[in-house]
Amino acid sequence: MVHLDDYIVEHLLTQQSLLQPYNKPEKRNLYRWLISRVDSYIERGRSDTILLLGVRGVGKTTLLAQLYFYATSKMPQNHVLYLSLDRLQAFGLNLLEVLEAYKRIVKPEKAIILLDEVQYEEKWDLKLKLLHDEKRFLVVATGSSAIKLKESPDLARRALHRELFPMTFREYHRLKTGDSLPELMPKILELEEVPLAVLDDVVEYVKIGSMPLSLEMGEWEVYERLVTMLDRVIYRDLREVYDFDAETLDKAFNLLYLLANPKGERFSYEKLSKTLGLAKGTIIKLVDALEKAGIVQKIPVHGPISKATRKSPKVKFLTVPIKSALLYRININREGVFASLLEDVIAFYLYLIARERNGRLSYEPSKGAADFVLELENEKIVVEVGLGKEKKGQVERTMERVGAKKGIVVGRKYEVGDRIAFYPWQLFVSAL
């Protein structure tokens, strides 16, 4: 068995070299907020617990590495401790025992504790609560989005939660080229005219660009990495949400392939149940687990909750490159496949907008309806997505049925009217 003191001493000597490959020069938008918390702790002793959640591959370990090197430039190197809970589990070590040994050996007055993949630690939420209640250290912990369901109310009240989402185009473009683009989405939502600029990397973004892997790998290598990552999500992370058996987890892959199909959003829970040979309740739990893991989002029916529960939601990929990876054997440039990816990108954007502005994203289920209804404060905006769609009939019908005063068609045309605006898809994608 590994002796704790030996482990701590060796780890402190090697953690810098362990983290160096993850210390990428490109910084996600969330990095600025995180270093502000580090500065506040170093300068004023403001201890806190930050829980950083997100799907695998979205850049959580990279952020921790960047924080490590920033913090060690401000304080003694041994006063910053990075621990991978996956690695501790492999050595049969307990987090609290490791931290007690660290405090005894180093005796830091201040320390920044960086914990990666906390879901691998038994009773992780209780242990983070105990660390928080000491009010001595700044703790930044990462984990799968799915662990929110397992978190205790006590920790939920104490920790600051931040979710690291896949990148929007503006963040992707900045990290790739160093150029910052203006945010045009507020003007688009007001149906205003905006400058039209077609950027070379917007097509690549739709296919793979929202995941950081795309910044350093080719398209096909990204697909291979994402498929491998998806295996870990299904066989490890989904177990954090529900106690699925092996057969059900095997069929989770088939479920994702069905949902990735360009016509996949039309599959009701009943049809998915029949196709996969699983009970409807199991399908509902699987989709729910995939949503909690950050892979997909469920878009409910527009209207009251009682109406939404009677009809299956639309299921769109929140992490769109995973959908691309599942379809990579198909010619990705085929218009039907690309259009389907584009619709998921727009759904991802609308999800972020609704989340940021305390709104709601839904769809109107009537035949011939538009794709989405975005509710923000006291207004509703109907959104239709489709390459080559030059007509506004679907948007007008849905606007009338849901009582919306604004409509947007995302396609190829550029024409701004008083109630309905047409925006080229490249412009819409590059606006957020």
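Visitor: Why is K123 called exposed?

Guide: Exposed is the word for a relative accessible area over 50%, buried for one under 20%, and partly exposed for what falls in between (1.4 Å probe, protein chains only). K123 has 54% relative accessibility, so it counts as exposed. You will find K123 in the loop between β3 and α6 (124-134). Its phi is positive, about 55°, although K123 is not a glycine.

Visitor: What should I know before looking further?

Guide: This is a predicted model, in which local features need pLDDT of at least 70 and side-chain atom pairs count only at pLDDT 80 or more, while totals for chains, interfaces and linings use all residues. Residues are numbered from 1 along each chain as its sequence is written, and side-chain values use heavy atoms, with hydrogens and water left out.

Visitor: How many helices and strands does the protein have, and what makes a stretch count as one?

Guide: There are 19 helices and 13 strands. Both are DSSP runs numbered from the N terminus: a helix is H or I over at least four residues, and a strand is E over at least two.

Visitor: How do you know how compact the protein is for its length?

Guide: We set its radius of gyration, taken over C-alpha atoms, against the globule rule, which is 2.2 Å times the number of residues to the power 0.38. For 432 residues the rule gives 22 Å, and the protein has 23 Å, which is close, so it is as compact as a globular protein of that length. Along the principal axes, the C-alpha atoms fill a box of roughly 70 × 50 × 40 Å. Of the 432 residues, 56% count as buried.

Visitor: Why is N358 called exposed?

Guide: N358 has 72% relative accessibility, so it passes the cut-off for exposed. N358 sits in the loop between α17 (335-356) and β8 (360-362). Its phi is near 55°, a positive value in a residue other than glycine.

Visitor: And what makes P182 exposed or buried?

Guide: Its relative accessible area is 51%, so P182 is exposed. P182 lies in the loop between α8 (169-177) and α9 (185-189). Its C-alpha atom is 8.5 Å from that of L432, although the two are 250 residues apart along the chain.

Visitor: Why is L256 called buried?

Guide: L256 has 0% relative accessibility, so it counts as buried. L256 belongs to helix α12 (residues 246-260). Contact here means heavy atoms within 4.5 Å. Not counting residues up to four places away in sequence, L256 touches L230, I234, L290, I295, V296, F317 and L326. One of these, V296, is 40 residues away along the chain, with its C-alpha atom 9.3 Å from that of L256.

Visitor: What does the comparison give for α2?

Guide: Helix α2 (residues 30-44) has 15 residues and reaches 21 Å from its first C-alpha to its last, close to the 21 Å expected. Its buried residues include L30, Y31, L34 and V38. An α-helix has 3.6 residues a turn, so residues three or four places apart point the same way. Among the elements that cover the buried residues of α2 are β1 (48-53), α3 (60-72) and β3 (112-116).

Visitor: What makes S40 count as buried?

Guide: S40 has 6% relative accessibility, so it is buried. S40 lies in helix α2. Leaving aside neighbours within four places in sequence, S40 is in contact with G45 and R46. G45 follows α2 and has a positive phi, near 70°.

Definitions and conventions: Expected span 1.5 Å × (residues − 1).
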